[in-house]
Amino acid sequence: MSTSRRRRLFAALVVPATLLLLGSTAQAATFSPEADPVSAINADIAQHDHELGSQIRRVEGDKSTPDSQKAAQQPQPGQAIPGQVLATVAGMDVAGYQGNVDWANWWNQGKRFVWTKATESTSYTNPYFAQQYNGSYNQGFIRGAYHFATPNTASGAAQARYFVAHGGGWSKDGRTLPGALDMEYNPYGATCYGLSKAGMTSWILDFHDTYHSLTGRYPVIYTSTSWWGSCVSGDFSSTAPLWVARYASSVGTLPYNWGFYTVWQYTSSPLDQDTFNGAYDRLQALANG
């Protein structure tokens with residue numbers, strides 16, 4: 001999303017003060033009580049809310065077109081999950097900059113699953129998380145939460161604990177997806193956050209194992225093939241479902257040793273859109289564990 005588009009979204013956002021209380025009380029406590037609450041929240045989102053894929057688009061670009069988006073929503077025969085029918089389910093992902101989402105609108109457009117940003121590092125929570133996470137569930141979506149990782153600010157274990165404590169948990173209700181770990185280019189500095197490939201692998205493993213110990217599920221890992229190849233040396237294909245970002249008509253080469261993808265983010269226009277690699281009952285199975 002461009003800076004100008006983000007500013008327009010911020011300027012247009014009008015949220016009742018009572019709804020703001022549904023977001024993170026920890027985050028709200030950092031705002032000056034004299035400040036306009038909507039302006040304060042928007043300023044905090046602008047500074048700290050790096051949505052899923054924002055840095056992949058910044059570095060790799062979004063080359064999607066209406067034709068590529070249409071093609072991406074079709075099954076990818078070469079990426080079929082063993083034993084599953086060739087099919088797709090339409091989904092999306094959202095973050096704080098979108099404010100209160102009109103879930104009925106997206107449901108009527110055929111979306112059936114969503115991941116909502118919950119946290120970043122161990123200091124940021126999405127102030128619109130409650131409306132986005134609970135609102136999508138109430139509309140009928142199968143929903144999950146995601147964490148934007150900053151491996152140079154705190155350990156993987158610390159960030160996993162923070163994520164679970166602020167909306168990133170899991171319950172076997174058939175409608176809650178395992179939490180997703182967003183691994184992408186550093187918005188604040190060095191591409192790989194100053195870590196070697198081995199160091200990054202250890203950080204991800206720390207998050208991965210801690211999340212599993214807290215929830216009983218392994219996290220979905222979101223990334224791009226290019227970033228993963230540049231920054232990670234480890235293999236998580238046996239435990240972590242892959243959510244891959246590529247803004248084109250085909251999913252392309254996958255990150256190291258994953259034989260297929262589970263979710264594909266194929267465009268950021270007019271918002272982040274995704275497809276699940278399988279039929280709806282397989283999406284339910286992912287939710288159920």
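In helix H9 (residues 156-168), the buried residues are Gly156, Ala157, Gln159, Ala160, Tyr162, Phe163 and Gly168. Buried means under 20% relative accessible area, exposed over 50% and partly exposed in between, with a 1.4 Å probe and protein chains only. Helices (H or I, at least four residues) and strands (E, at least two) are DSSP runs, numbered from the N terminus. The model is predicted: local features need pLDDT of at least 70, side-chain atom pairs count only at pLDDT 80 or more, and totals for chains, interfaces and linings use all residues. Residues are numbered from 1 along each chain as its sequence is written, and side-chain values use heavy atoms, with hydrogens and water left out.

The buried residues of H9 pack against strands S2 (113-120), S3 (124-125) and S4 (142-148), and also against S5 and H10; contact here means heavy atoms within 4.5 Å. Between its end C-alpha atoms H9 spans only 14 Å, whereas a straight helix of 13 residues would span 18 Å at 1.5 Å a residue. That expected span is 1.5 Å times one less than the number of residues.

Elsewhere, threonine 65 sits in the loop between helix H5 (54-60) and helix H6 (66-72). Threonine 65 is partly exposed because its relative accessible area is 36%.
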